[in-house]
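Hello,

Here is the structure for you to look through. My notes follow below it.

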Amino acid sequence: MSRKLVVAAAQMGPIGRSESRQAVVRRLVALLREATARKARLVVFPELALTTFFPRYWFERDEELLTFFERAMPNPTTRPLFELAAETGCGFVLGYAELTPEGRRFNTAILVDGSGRIVGKYRKVHLPGHREHEPWRPFQHLEKRYFEPGDLGFPVFDALGGKLGMLICNDRRWPEAWRVLGLKGVELVAVGYNTPQHYPPVPQHDHLQNFHNHLVLQAGAYQNGTWVVATAKCGVEDGCLLIGQSCIVAPTGEIVAMCSTLDDELITAEIDLDRTKEIKDHIFNFKLHRRPECYAEISAR
């Protein structure tokens with residue numbers, strides 16, 4: 001039985017702080033419609049796809065901060081996306097800020113299948129940035145203040161005839177995150193990101209941001225024998241330049257499709273989930289070649 005399918009990365013240009021959720025969802029719906037016209041069965045949207053990247057701001061009051069969070073999913077504003085998925089049979093991965101009924105706050109991604117049902121959830125584990133106000137920065141990065149680290153681990157879901165996992169932005173830089181997914185047999189990893197071009201603590205790395213983005217995506221794909229669909233929110237967003245170059249990466253580590261703008265842009269590729277076996281059965285055959293008894297220091301320290 002063939003396990004070939006078309007997947008899409010739905011890159012988004014900037015979202016202004018005052019842009020409404022309704023306007024953003026219309027953009028997402030347009031991208032999803034374009035993907036279905038190209039016969040895609042899965043579309044990956046960016047991290048925090050419904051709002052501007054609000055951790056760049058210092059909020060004195062929770063009331064203002066919480067306007068960027070979703071209390072339910074789907075909700076009346078996002079329901080058109082779910083209805084379109086059910087209408088077309090094309091699923092999607094969507095990143096958003098989640099406020100739980102208990103008041104907990106997470107940077108979250110959900111997997112929605114072709115019937116419009118949520119069949120998977122992931123909460124970002126590796127939160128970058130800082131907790132306190134640092135006014136010397138040209139913009140803040142307050143994820144450690146505004147979110148809790150994810151509490152769901154690194155789950156893998158049966159979807160699209162294969163095994164699908166999710167990572168969010170900074171997670172992609174940590175090999176342990178990829179390896180846990182790899183140990184669970186992941187065959188496709190969806191990654192959403194919002195990555196500034198300028199990194200205030202180490203500005204000498206600014207010219208490397210696109211290189212480092214692709215470096216970790218390609219390494220994660222190759223070392224774990226998985227396809228990767230990585231999608232940016234990018235462009236000049238409220239004065240902050242976010243990198244683009246959303247891409248689809250093969251299990252060999254090769255980039256097979258990449259965005260060329262810093263705006264709303266869709267890229268697609270036909271992938272074959274069976275190609276993961278080229279790596280899983282040979283180069284990185286975990287059962288044959290791993291030496292976990294030698295790796296204890298990784299989690300013991």
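Which residue just after H6 takes a positive phi? Gly 225 does, with a phi of about 55°. The model is a predicted one: local features need pLDDT of at least 70, side-chain atom pairs count only at pLDDT 80 or more, and totals for chains, interfaces and linings use all residues. Residues are numbered from 1 along each chain as its sequence is written, and side-chain values use heavy atoms, with hydrogens and water left out.

Helices (H or I, at least four residues) and strands (E, at least two) are DSSP runs, numbered from the N terminus.

Helix H6 covers residues 209–224. At 1.5 Å a residue its 16 residues should span 22 Å (the expected span is 1.5 Å times one less than the number of residues), and the end C-alpha atoms are 23 Å apart, which agrees.

Strand E4 (residues 105–112) has eight of its eight residues buried, so it is largely enclosed by the rest of the structure. Buried means under 20% relative accessible area, exposed over 50%, and partly exposed in between (1.4 Å probe, protein chains only). Arg 105, Asn 107, Ala 109 and Leu 111 point one way from E4, and Phe 106, Thr 108, Ile 110 and Val 112 the other way.

E4 pairs antiparallel with strand E3 (residues 91–99) over eight bridges; two strands pair if DSSP finds at least two bridges between them. Five bridges join E4 to strand E5 (residues 118–123), also antiparallel. Leu 111 of E4 is the bridge partner of Val 93, and its bridge partner in E5 is Gly 120.

Regards
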